[in-house]
Amino acid sequence: MTKLTISLATLALMVAPAGVQAQVNTNTNNTIGVSATVGKAFRWSLGQDLLFGTIAPEGDGSTANVTVATNQLVAAGGRQAGYVSLYFNAATNVTVAAPASLAGGLGGTLAVTFTCGAATSGNGGTLDVLASGACADADVLSLTLSGTGSETVDIFFGGTLAGADVEAAAADTYTGTITLTAVQP
Amino acid sequence: MTARGRGYAVLCLALSLSYAWGPAPLQGQAGGGGGGLTLSAVQPLSYGLLTAGDPDAVTVDDVVRRGELELKGKGQMEIMMVLPASMLSPEGAEIDLDFRFGDAGLQLKRAAGVTLFDPTVSYSFFLDSKDSPARIFLGGLASPAADQAAGEYSAQITVIVAQP
């Protein structure tokens, strides 16, 4: 009888783990991805034109070069740097198509050279994105995002009319167009 | 130990092993698990092309873009989800995500409709064997910022199904 009691106790002990096993939770899990693509974009807006103002030739070979710096948003004699604002949310290459001369209404031309640079929009012409430099036809400004968000930069244009060319030109209004093409590779 | 005593001991061992190894799988089946519970990813939650500053919601009835998983098993179950607060780009930019009631759905095999629930809290239901596999759908709102950088954004959602 004593041996039977011990055996039942053993049975009870050995049954217990089975009962615990039946209470173990059953779990399963899996993951799914979430994804999105934000498309590349850019948007232009014209700030102001580049103006050399009214120039009075000396007529004796002493006419000075007429220069508008890229950060001269307002200058004497009706001069001003030109700029456009460019919003972009991915690296952008801006190609400049600049004329070698301005065209007069009477058919004459006036040689011109340009400078350009870029700055964070609203920075008042302080060039903190690209240093100002020569800006010839087919030059490319490479703009990259400095942070993790989109940006807007102002691209400024200045230029120079040589004094000798001014003296040689007929009195007229001379104009030209700088064309900018943005490509996001 | 006598021969009778050894007999008791062997009998007890045999009974114990039989109970420990035999009934457990049967109890597992009755509980609906027992290794028969599987969760498979069918398709990711894909927002596709987003425009900066333009929030976009994927609904559970958007068959192309919704996330989808297949659940096989039977019995009482509870779904829990580990939801990301945002998607990330390789450069570290983020797009906020928002999930709320109606952004998750459960469709039993024989049911015509989808039962909506809130993926931010656990959801309990009973899956009958005739309704297996069930489908779990997931949508949500993505809110790219106005200055959102272009690029690929991603995150992961972990779905956990537990049986009590």
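**Exercise 1. The largest pocket**

Task: In this predicted model, find how much space lies in the largest pocket and which residues lie nearest its centre.

Solution: 
- Step 1. Start with the volume. About 780 Å³ of space lies in the largest pocket.
- Step 2. Turn to the lining. The largest pocket has 30 lining residues. Nearest its centre lie L50(A), F52(A), L102(A), Y174(A) and T175(A).
- Step 3. Assign the lining to strands. In chain A, β2 (42-48), β4 (82-88), β11 (151-161) and β12 (174-175) each supply at least two lining residues.
- Step 4. Pick out the main contributor. β4(A) gives three residues, the largest share of the lining.

**Exercise 2. Chain B in outline**

Task: State how many helices and strands chain B has, and what percentage of its residues is buried.

Solution: 
- Step 1. Count the elements. Chain B has two helices and 13 strands.
- Step 2. Take the buried share. Of the 164 residues in chain B, 40% are buried.
- Step 3. Consider the contacts. Take those in chain B between residues at least 6 apart in sequence: 71% of them join residues at least 24 apart.
- Step 4. The accessible surface of chain B is about 8,300 Å². Carbon and sulfur atoms account for 57% of that surface.

**Exercise 3. Salt bridges in chain B**

Task: Work out which residues the salt bridges that share partners join into one network, and classify E70(B) as buried or exposed.

Solution: 
- Step 1. Take R66(B) and E68(B). Their closest N and O atoms are 3.7 Å apart, and the two form a salt bridge. R66(B) has a relative accessible area of 11%, so R66(B) is buried. E68(B), at 9%, is buried as well.
- Step 2. Take E70(B) and R135(B). Their side chains meet in a salt bridge at 3.2 Å, N to O. The pair links distant parts of the chain. E70(B) sits in strand β4 (residues 67-72) of chain B, R135(B) in strand β11 (residues 134-138), 65 residues apart.
- Step 3. Classify both ends. E70(B) counts as buried because its relative accessibility is 16%, under the 20% cut-off. R135(B), at 27%, is partly exposed.
- Step 4. Take K130(B) and D128(B). This salt bridge has its closest N and O atoms 3.7 Å apart. K130(B) is partly exposed at 41%. D128(B) is partly exposed at 26%.
- Step 5. Join the partners. One network holds R66(B), E68(B), E70(B), K72(B) and R135(B), linked by salt bridges that share partners.

**Exercise 4. A nonpolar patch**

Task: Name the residues that make the nonpolar surface patch of about 270 Å².

Solution: 
- Step 1. Identify the members. F101(B), V114(B) and L116(B) make the patch.
- Step 2. V114(B) lies in the loop between β8 (104-107) and β9 (115-117) of chain B.
- Step 3. V114(B) is partly exposed, with a relative accessible area of 32%. Patch residues need over 30%, so V114(B) passes on area.

How values were computed. Residues numbered from 1 in each chain as written. Chains lettered and ligands numbered in written order. Predicted model: local features only at pLDDT ≥ 70, side-chain atom pairs only at ≥ 80, totals over all residues. Heavy atoms only, no water. Patch = residues over 30% accessible without salt bridge, like charges linked within 9 Å, V, L, I, M, F, W, Y side chains within 5 Å. Areas by Shrake-Rupley, 256 points an atom, 1.4 Å probe, with all protein chains shown as cover. Salt bridge = Lys/Arg side-chain N within 4 Å of Asp/Glu carboxyl O. Helix = DSSP H or I, 4+ residues; strand = E, 2+ residues; numbered from the N terminus. Buried < 20%, exposed > 50% of the residue type's maximum accessible area, 1.4 Å probe, protein only. Contact = heavy atoms within 4.5 Å. 1 Å grid on protein atoms, 1.4 Å probe; cavity = no way out; pocket = protein on both sides within 12 Å on 5 of 7 lines; lining within 4 Å. Points joined across faces, edges and corners; volume = space filled by probe spheres on them.
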